[in-house]
Amino acid sequence: MYVTGGQYKGQKLIIPSCAKPTLSKTRESVFNVLNSYFIDTEKLIFLDLYAGSGIMSLEAVSRGYTPISVDNNKLAIKAIKENFKNVKEDHEIILSDACRYIETTKIKPDIVYIDPPWEDNYEKTMTKAFGKFKNALIIIEYDKKRAQQLSEIYRKTIAPFKEKVYGRCKLDFIKVPF
């Protein structure tokens, strides 16, 4: 896997066995939508929950965002640190459960990327993120087979304003109101 855009385009990444990295076409789509949504990305905080290899965080820093990577797996954290050492960029890397991090953080991210293992329960993380990160753009990546299940969650909270599908992968873009 390689970074697909920005100043680190082409940088090779270490992918730990515990990670399911977001495919390049999906990553490019995410950042194309973000580029149409935000005029200036400098200093915008990109919170990468369930960061895995850190590939979304690396794509974010490559394009000028300030990423924060959160994962509860020590192998993932080690890979993220190695990947960032290779591009000589410092950023916050946190070993934590995503829900616990949401509950305790004081950070107010501009973008929240939620991509847990596809078989996980999304409801708790989504509900906590929607409640805590007011005025953030939340992006959820999941297996499109779960679209019906996630639409049930959305009925309780807020619906996506944009949706994209790439093979099995579905992306929902949600703007959390004030």
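Asn 73 caps the N-terminal end of α3. One of its side-chain oxygens sits 2.7 Å from the backbone nitrogen of Leu 75. This is a predicted model, in which local features need pLDDT of at least 70, side-chain atom pairs count only at pLDDT 80 or more, and totals for chains, interfaces and linings use all residues. Residues are numbered from 1 along each chain as its sequence is written, and side-chain values use heavy atoms, with hydrogens and water left out.

Follow the helix from that cap. Helix α3 covers residues 74-87; helices are DSSP runs of H or I, at least four residues, and strands are runs of E, at least two, numbered from the N terminus. At 1.5 Å a residue, its 14 residues should span 20 Å, and the end C-alpha atoms are 20 Å apart, which agrees. The expected span is 1.5 Å times one less than the number of residues.

Ala 76, Ile 77, Ala 79, Ile 80, Asn 83, Phe 84 and Val 87 are the buried residues of α3 (under 20% relative accessible area, 1.4 Å probe, protein chains only). Seen down the helix axis, they fall within an arc of 160°, so they line one face. The arc is taken from the directions from the axis to the C-beta atoms. Their cover includes α2 (55-62), β2 (66-71) and β3 (92-95). The face turned away carries Lys 74, Lys 78 and Lys 85, which are exposed (over 50%). Just after α3, Lys 88 takes a positive phi of about 55°.

Now turn to helix α6 (residues 147-156), which holds Tyr 154. Tyr 154 is buried, at 9% relative accessible area. Beyond neighbours within four places in sequence, its contacts (heavy atoms within 4.5 Å) include Met 126, Phe 130, Tyr 142 and Ile 174.

Conventions: Polar contact = N/O pair within 3.5 Å; in protein donor to acceptor, adjacent residues only side chain to side chain.
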